[in-house]
Amino acid sequence: MHTIIGNDLRYSAALLGQGAVVAIPTETVYGLAANALNHEAVLKIFEAKNRPHFNPLIVHCKNWEHACQYAQSVPEIAHLLAKHFCPGPLTFLLPKKNTIPDLVTSGSDLVALRIPHHPLTLSLLDLLEFPLAAPSANQFGYISPTTAGHVYESLNGKIPYIMDGGPCSIGLESTIIGFQDDQIIVHRVGGIEIEAIEKISGAKTIRVQELSNPSRPTTAGQLKSHYAPHTDLIIGEIPPLFEQYKNLKLGLISFSDAYPELNFEQKYVLSPKRDLHEAAQNLFSSLRNIDGGDLDLILAEQFPNEGLGAAINDRLHRAQSLYKK
Ligand code: TXA
Ligand code: MG
């Protein structure tokens with residue numbers, strides 16, 4: 001199959017209407033989209049990505065009102081959060097209606113709903129009579145794509161069309177939340193800061209890992225190894241790690257400090273001015289670049305564990321768990 005990159009909305013809509021998959025830009029990462037109400041179309045997403053069927057997909061809708069059509073019930077607190085954060089990088093887990101095929105939710109009674117904040121994709125959704133199921137547009141387990149070029153690298157020849165909407169403005173996947181007994185459960189940290197969710201809702205959040213009796217499927221957002229480069233990666237204090245591994249070809253991922261005294265083969269400083277938004281935007285493309293750099297080992301700094309720093313740390317930790325000494 002020949003893969004075309006462009007920004008033809010009508011062509012994309014026609015392909016999706018025929019049950020094909022199309023890669024779409026969002027503010028978080030690029031998604032691999034298909035008609036969420038069509039089982040056969042959704043199957044093609046799993047095939048192209050090599051994604052296990054136990055891993056459910058987020059359903060992207062044109063606005064919150066449409067999203068609510070696919071939920072059996074919506075708690076007040078979800079409406080409140082949607083008012084502040086939609087469209088945007090926040091995904092809501094809600095009890096699903098039967099119109100959503102079981103394949104989309106991997107058999108779970110919950111469906112993940114989100115309104116992406118990207119002008120091209122919102123215009124595309126406006127042309128369609130169905131919502132779009134879309135995981136990140138990468139091979140399963142690898143780093144999520146934040147440009148059309150990243151999607152092309154992973155899926156060239158496997159999908160007909162990639163809509164190019166430029167580099168993603170957030171650069172990290174959406175935050176995923178669910179609701180249980182008046183509590184907000186965080187299933188994945190991401191593009192909306194937990195602090196902002198707590199401030200707007202006036203409620204404390206709980207990480208899904210802290211629940212004693214979680215009613216949930218295992219989700220890839222929770223797999224220990226995910227978002228991983230092929231090159232080994234370790235997180236920690238940079239000077240001692242450099243000392244320990246200095247006989248190897250080393251790369252560096254750091255927040256603002258370029259460690260000028262340390263002689264790395266390659267350095268990626270994600271935000272010299274210490275801006276976590278800028279760092280998040282640069283994270284995945286830097287990981288891809290450094291992964292292509294023919295290095296033995298990548299050393300990554302721990303980020304401040306607040307705001308988007310928590311999500312950056314989460315992705316870096318999962319990038320490292322393949323590391324074997
Ligand atoms: O920002 C994002 O969320 C991007 C863009 C494309 O929207 N999408 C994304 O999709 O990151 P994906 O498939 O790579 O990650 C979605 C996560 C997965 O870990 C999946 O298991 C979880 O959401 N998820 C989806 N539906 C779920 C459900 N019904 N119950 C629990 N987890 C679910
Ligand atoms: Mg993904």
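In this predicted model, A23 stands opposite L32 in strand 3. The two strands concerned, strand 2 (residues 22-24) and strand 3, pair in the antiparallel sense over three bridges; two strands count as paired if DSSP finds at least two bridges between them. Helices (H or I, at least four residues) and strands (E, at least two) are DSSP runs, numbered from the N terminus. Six residues lie between strand 2 and strand 3, and the two form a hairpin.

Strand 3 also pairs with strand 7 (residues 132-133), in the antiparallel sense and over two bridges. There, A34 stands opposite A133 in strand 7. Five of the five residues of strand 3 (residues 31-35) are buried, so this strand is largely enclosed by the rest of the structure. Buried means under 20% relative accessible area, exposed over 50%, and partly exposed in between (1.4 Å probe, protein chains only).

Residues are numbered from 1 along each chain as its sequence is written, chains are lettered from A and ligands numbered from 1 in the order in which they are written. Because the model is predicted, local features need pLDDT of at least 70 and side-chain atom pairs count only at pLDDT 80 or more, while totals for chains, interfaces and linings use all residues; side-chain values use heavy atoms, with hydrogens and water left out.

The sheet to which these strands belong is open and has eleven strands in the order 1-8-2-3-7-4-6-5-9-10-11, with mixed pairing. Strand 1 (4-6) and strand 11 (205-207) stand at its edges with a single partner strand each, so one side of each has no neighbour in the sheet.

Further along the sheet, strand 6 (residues 110-114) is mostly covered, with four of its five residues buried. Strand 6 pairs in the parallel sense with strand 4 (residues 58-60) and in the antiparallel sense with strand 5 (residues 90-95). A112 in strand 6 is the bridge partner of I58, and L93 also stands opposite A112. Strand 5 in turn pairs with strand 9 (residues 175-180) in the parallel sense, where F92 stands opposite I177. The pairings described are set out below.

| Strands | Sense | Bridges | Opposite residues |
|---|---|---|---|
| 2 and 3 | antiparallel | three | A23 and L32 |
| 3 and 7 | antiparallel | two | A34 and A133 |
| 5 and 6 | antiparallel | four | L93 and A112 |
| 5 and 9 | parallel | three | F92 and I177 |

In all, the protein has eleven helices and 15 strands. Its radius of gyration is 20 Å, close to the 20 Å that the globule rule gives for 325 residues, so the protein is as compact as a globular protein of that length. The radius is taken over C-alpha atoms, and the rule is 2.2 Å times the number of residues to the power 0.38. The C-alpha trace spans about 60 × 50 × 35 Å along its principal axes. Of the 325 residues, 58% are buried. Among contacts (heavy atoms within 4.5 Å) with a separation of 6 or more, 68% join residues 24 or more positions apart.

Helix 1 (residues 9-17) has S12, A13, L15 and L16 as its buried residues. Seen down the axis of helix 1, these fall within an arc of 160 degrees, so they line one face of the helix; the arc is that of the directions from the helix axis to the C-beta atoms. The exposed residues R10 and G17 are on the face turned away from the buried side. The cover over the buried residues of helix 1 includes strand 2, strand 3, helix 6 (119-127), strand 7 and strand 8 (161-163).

T146 lies in the loop between strand 7 and helix 7 (148-155) and is buried, with a relative accessible area of 3%. Leaving aside neighbours within four places in sequence, the contacts of T146 include T28, V29, Y30, C168 and F284.

C168, one of those contacts, is buried at a relative accessible area of 5%. What keeps the sulfur of C168 out of a bond? The closest cysteine sulfur, in C86, is 18 Å away, too far for a bond. The structure holds zero disulfides (pairs of cysteine sulfur atoms within 2.5 Å). C86 is in none either, and the nearest cysteine sulfur to C86, that of C68, is 8.9 Å away. C86 is buried too, with a relative accessible area of 17%.
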